[in-house]
Amino acid sequence: MSGRRLLLISIAWIVLLLSVVVGSCNAFLSSNQQQQAFVSSRSNRVQNVNNLQLLHMTVLSYNGKKKNFKPGSPLSKAVAALGVKPTYSCKKGDCATCELFLAGRATKPCVAKVPPEPKLKSLQEKGLEIRL
């Protein structure tokens with residue numbers, strides 16, 4: 001029991017010491033500089049998150065209309081957002097009435113997901129073409 005208590009006390013002292021060191025470093029900055037440092041670090045984090053989200057989006061196009069979609073999201077919602085209205089009968093992938101061509105391959109949007117971003121830069125910019 002005393003060994004555990006000693007360990008907890010030493011951890012508390014280390015935490016206290018670190019907080020004093022960090023606080024003394026911030027004491028040299030004015031409050032305006034501290035606020036600017038906080039805001040700039042937060043905006044950089046937000047910008048990095050936005051860049052990561054944009055990097056992993058798949059561009060789908062239909063009749064010249066292009067939109068970004070998250071890979072793995074339902075293809076039926078993505079094609080509806082592009083203005084494509086396939087006819088659905090079973091919505092389970094059995095009948096193939098909703099079949100359309102995505103990047104040259106026959107795809108059933110009722111069960112398919114948006115594919116990952118293509119590796120070719122030309123396809124990344126133009127987007128994967130949807131045809132009925």
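**Figure 1. Contacts and composition of the whole protein chain.** Among contacts in the protein chain between residues at least 6 apart in sequence, 49% join residues at least 24 apart, where a contact means heavy atoms within 4.5 Å. This is a predicted model, in which local features need pLDDT of at least 70 and side-chain atom pairs count only at pLDDT 80 or more, while totals for chains, interfaces and linings use all residues. Residues are numbered from 1 along each chain as its sequence is written, and side-chain values use heavy atoms, with hydrogens and water left out. The protein chain contains four helices and five strands, which follow one another along the sequence in the pattern α-α-β-β-α-β-β-α-β; helices (H or I, at least four residues) and strands (E, at least two) are DSSP runs, numbered from the N terminus. Of its 132 residues, 19% count as buried, a term that stands for under 20% relative accessible area, with exposed meaning over 50% and partly exposed in between (1.4 Å probe, protein chains only).

**Figure 2. Strand 5 and its two partners.** Strand 1 (residues 58-62) and strand 5 (residues 128-131) run parallel and are joined by two bridges. In this pairing, Leu60 has Leu128 as its bridge partner, and Ser61 has Glu129. Strand 3 (residues 100-102) pairs with strand 5 in the antiparallel sense, again over two bridges, and here the partner of Phe101 is Arg131. The covered face of strand 5 carries Leu128 and Ile130, whereas Glu129 and Arg131 belong to the uncovered one.

**Figure 3. The hairpin of strand 1 and strand 2.** These two strands run antiparallel and are joined by five bridges, and they form a hairpin with two residues between them. Tyr62 stands opposite Lys65 in strand 2, while Asn63, in the turn, has a positive phi of about 50°.

**Figure 4. Two alanines with positive phi.** Ala96 lies in the loop between helix 3 (75-81) and strand 3, and its phi is near 65°, a positive value in a residue other than glycine. Ala96 has 30% relative accessibility and therefore counts as partly exposed. Ala103 is placed in the loop between strand 3 and strand 4, where it has a positive phi of about 55° although it is not a glycine. Because its relative accessibility is 47%, Ala103 counts as partly exposed.

**Figure 5. A nonpolar surface patch.** Leu7, Ile11 and Val15 make a nonpolar surface patch of about 280 Å², and Leu7 lies in helix 1 (residues 2-27). Patches are made of residues with over 30% relative accessible area and no salt bridge, like charges being joined within 9 Å and nonpolar side chains (Val, Leu, Ile, Met, Phe, Trp, Tyr) within 5 Å; a salt bridge is a side-chain nitrogen of Lys or Arg within 4 Å of a carboxyl oxygen of Asp or Glu.

Note on methods: Two strands pair if DSSP finds at least two bridges between them. Accessible areas come from the Shrake-Rupley method with a 1.4 Å probe; for residues, only the protein chains shown count as cover.
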